[in-house]
Amino acid sequence: MSKVELAIVLAAGEGTRMKSQTAKVLHQIAGKSIIENVLAAVKPLNPKATSVVVGAHRELVEAHLTLIAPSAKSIFQATRNGTGGAVQLALAEYKGDGTVLILAGDTPLLTAQTLSEFVDSHLAGKNQASVLTALLPDPTGYGRVLRGENNSILKIVEEKDCNELEAEVDEINTGVYLFEVKVLREVISKLQANNSQKELYLTDVIGLITSSGKVAAAVLSNDYTETLGINDRSQLAECAAIMRDRINHQHMLNGVTIIDPTTTWIDSDVKIAEDVTIYPATAISGKTSIATGAVIGPRTTLVNCEVAESAQVIESFATDSKIGNSAKVGPYSYLRTGTVLAAEAKIGAYVETKNSSIGKGSKVPHLSYVGDAQIGEGTNIGAATIFVNYDGENKHQTKIGNQVRIGSDTMLVAPVFVGDGAYTAAGSVINEDVPAGAIGIGRARQINILGWVLRKRKGSKSADAAKNAGASE
Ligand code: UD1
Ligand code: MG
């Protein structure tokens, strides 16, 4: 059963204070847009309808909404004449009655639990209007709540319109409201823009409701951090840090060791099992999942990766990759899209991989590029080997069998195939297939010109050293 008929999310504002080409509500917190965070908190209330008022950057916001909340109705506010104007439009398009929840699209820390308690308190008190309020250590910038008797509100005064006494009030309007639609309809058309911003303030409906003899209730939230709104980049960072702490706290309670929670940034959709350890300065984002016993970091970024049990990823960057059981990555490895490491595989220092699978127990330990390759099991790729996958126009595949030993500094010019148990000689350019069990040697034969240094570098330290070693011209 839904206790709320309609939810209205206000997201038409210019977001001027963000100084951005992007709509304010599309900036991200923990891997989700600000508005996606807001809608995620509203969703469990199960409102019968959700309307989002859009305006500035309309196309971007609407395109985003079709991805994250396709059932939400978008309402276009052509002229941004204030939060009151935005709600007038949303109500005009809504024919029903019941209870309406109104909130701003820029308060991403609100939780479903707080909203649900707010709804319960509104319904239990049979309120006509309720405002979620908060006591802020620094109320600067917010509308101040002027209380009447009991838990009622007389009116809300925007900071820009406050007198000195009003400005000292530290209880603020969080921008989250519940109204009985009928009551709201009676007053919303009466809003006037006679204030410092020349806007229709939604907050003024409270004064209108109380002066018509009805009661508007103030419901004080327990945790003011949930109600922080984002208007500039500094508040964006502040809210992101609070969300980070909240997410890390939950993982720690679930049995994850996070050595330095202040430098560990984990997106909200990341899944981490018990007994994973995360070292400092690590970011884990997107749809990443990490299985038990894995060790991640320090200084590691994982984007949309699947990390299996007991794997280690140290000082590395990996995106859209799978890292198998007990596999080892890093330090200083770069795993690009489509890298799949089987169990116990190893990718070592200064190795870049892309669209490649590396078989069980196979190793690429040092200074290599592995692109568009399939490598079998138990194979070793020598230091500084390059999979030459690009001919300037097209990408080609390299296939390497099981138990292969690729010599250091081999160039594997794709398409090419190296059979099971084969070797390549160090420094080879391999552009023909190497059959199973063969060694491929693709390099010029070495010649030594005796006495060259003594003749051509006479008197040099090298010549002296050679002479002392018994060399002659
Ligand atoms: C608003 C409240 C303030 C409260 C604060 C809480 C008003 C007048 N003030 O101030 O009391 O303390 O939120 O965060 O409501 N919007 C529209 N159309 C418009 C103008 C704004 O949709 O014409 C949207 C914005 O996109 C935003 C929300 O409404 O998501 C609030 O607008 P904003 O300009 O951020 O108001 P605040 O100054 O934060
Ligand atoms: Mg705001």
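# Ligand 1 and the two largest pockets

Strand E10 provides the largest share of the lining of the largest pocket, namely 4 residues. The model described here is predicted, and the space that ligand 1 takes up in it is this largest pocket.

**The largest pocket**

- The volume of the largest pocket is about 1200 Å³, and among the 44 residues that line this pocket, Arg17, Lys24, Thr83, Asp106 and Asn231 are the closest to its centre.
- Sorted by class, the lining of the largest pocket consists of 20 polar, 14 nonpolar and 10 charged residues.
- At least two residues of this lining come from each of E1, H3 and E10.

**The shell around ligand 1**

- There are 23 residues around ligand 1, and those that come nearest are Leu10, Gly13, Gln77, Glu158 and Asn173.
- Strand E1 (6-11), helix H3 (83-92) and strand E10 (171-180) each contribute at least two residues to the shell around ligand 1, and these elements, E1, H3 and E10, likewise each supply at least two residues of the lining of the largest pocket.

- Gln77, which is one of the residues that come nearest to ligand 1, has a side-chain N or O atom 2.7 Å from a nitrogen atom of the ligand.
- Lys24, one of the residues closest to the centre of the largest pocket, places a polar side-chain atom 3.4 Å from an oxygen atom of ligand 1.
- Glu158, also listed among the residues that come nearest to ligand 1, has an N or O atom in its side chain that is 2.6 Å from an oxygen atom of the ligand.
- Ligand 1 exposes 760 Å² when it is taken alone, and the protein buries 90% of that area.

**The second largest pocket**

- The second largest pocket has a volume of about 320 Å³, and of the 14 residues that line it, Leu39, Lys43, Thr50, Ala69 and Ser71 are the closest to its centre.
- Helix H1 (34-42) and strand E4 (49-54) each supply at least two residues of the lining of this second largest pocket, with H1 giving the most, 4 residues.
- The lining of the second largest pocket divides by class into 8 nonpolar, 3 polar and 3 charged residues.

Methods
Residues are numbered from 1 along each chain as its sequence is written. Chains are lettered from A and ligands numbered from 1 in the order in which they are written. This is a predicted model: local features need pLDDT of at least 70, side-chain atom pairs count only at pLDDT 80 or more; totals for chains, interfaces and linings use all residues. Side-chain values use heavy atoms; hydrogens and water are left out. A residue is near a molecule or strand if one of its heavy atoms lies within 4 Å of it. A polar contact is a pair of N or O atoms within 3.5 Å; within protein, one must be able to donate a hydrogen and the other to accept it, and residues adjacent in sequence count only if both atoms are side-chain atoms. Accessible areas come from the Shrake-Rupley method with a 1.4 Å probe; for residues, only the protein chains shown count as cover. On a 1 Å grid over the protein atoms alone, a cavity is a set of points where a 1.4 Å probe fits but cannot get out, and a pocket is an open set with protein on both sides within 12 Å along at least five of seven lines; lining residues have an atom within 4 Å of a point. A molecule sits in a cavity or pocket if more than half of its atoms lie within 2 Å of its grid points. Grid points are joined across faces, edges and corners, and a volume is the space filled by probe spheres set on the points. Ala, Val, Leu, Ile, Met, Phe, Trp, Tyr, Cys and Pro count as nonpolar, Asp, Glu, Lys and Arg as charged, and the others, Gly among them, as polar.
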